[in-house]
Structure formats: C-alpha cells, structure tokens
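Visitor: I'm new to this one and would like a close look at a single part. Could you walk me through the charged side chains that pair up along it?

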Amino acid sequence: KQWYQRRVAITAGRKAQAEGQRYVKETWKRVKEREKREQELERQDGERRVKMLLQYKDNLHKTQHKLKKNSVRKRKMVKEKETQRMAVSAEDRFQATQQQKASQKKSQFESTQREAK
C-alpha cells in the first residue's frame, strides 16, 4: 500500500510538474508575444515620426523655394517698373526738349519776320 501511495504521489508530482512547465511555457510565450507587439508598435511609431519629420522638412524646403521665387519675381517687377518709369521720364524729357526747341525756332522765326518788316 505504501508503495502504491508513493507511486501515485510521484505520478501526481510529475503530472503537476508537467502542468507547471506547460503553464510557464504558455506564460513565457504570451510575454514574448506582448513584447513583440510593443516593439512593433514602437517601430511603427518611430517610422511615422520620421516620415512626418521628412514631410515637414520637404514642406519647409518647398516654402523656402516659393519665397525665394516670389522675392526674385518681385525684384524683377520693381526693376521693370523702374525701367519703365525711367523710359517714360526720358521720353517726357525728350518731348519737352523738342517742344522747347520748336518754340525757340518759332520765336526766332517770328522775331526775324518782325525785323524783316
């Protein structure tokens, strides 16, 4: 009877040990799966942040390029307006000079006409 009780106890112990090992393996497996999921989430979050920073950098470069382009265009327009103003001014001066010369010639002609009489 004692021998049988020992055998039952040993069998029960082995069974409990196997069940304990199975429980430990399952628990360890769940822990590893959870860690793996967390690492995957961290990796995805890191990728998302890097992508966001690269997009921000790209947008910044595009904005700088647009500002530079607009600045160049604005300077060109100011220069063109200044050139046009100078051209108009020069043309006005030329016309004024021509009118002045014409009036001088007219007054000279009139004065010579008066003297001739």
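Guide: Here is a walk along those pairs, one residue at a time. Keep in mind that this is a predicted model. By the rule used here, the count comes to seven salt bridges, and we'll visit a few of them.

Let's start with Glu40. Its side chain meets that of Arg43 in a salt bridge, at 2.3 Å from N to O. Why can these two find each other? They sit three residues apart in helix 1, so about one helical turn separates them. As for cover, Glu40 is partly exposed at 33% relative accessibility, and Arg43 is partly exposed too, at 39%.

Glu47 has a relative accessibility of 45%, so it counts as partly exposed.

Helix 1 holds another pair, Lys32 and Glu35, which are three residues apart, or about one helical turn. They form a salt bridge as well, with their closest N and O atoms 4.0 Å apart; the cut-off is within 4 Å. Both ends are partly exposed: Glu35 has a relative accessible area of 37%, while Lys32 has 41%.

Key:
Residues are numbered from 1 along each chain as its sequence is written. This is a predicted model: local features need pLDDT of at least 70, side-chain atom pairs count only at pLDDT 80 or more; totals for chains, interfaces and linings use all residues. Side-chain values use heavy atoms; hydrogens and water are left out. Helices (H or I, at least four residues) and strands (E, at least two) are DSSP runs, numbered from the N terminus. Buried means under 20% relative accessible area, exposed over 50%, partly exposed in between (1.4 Å probe, protein chains only).
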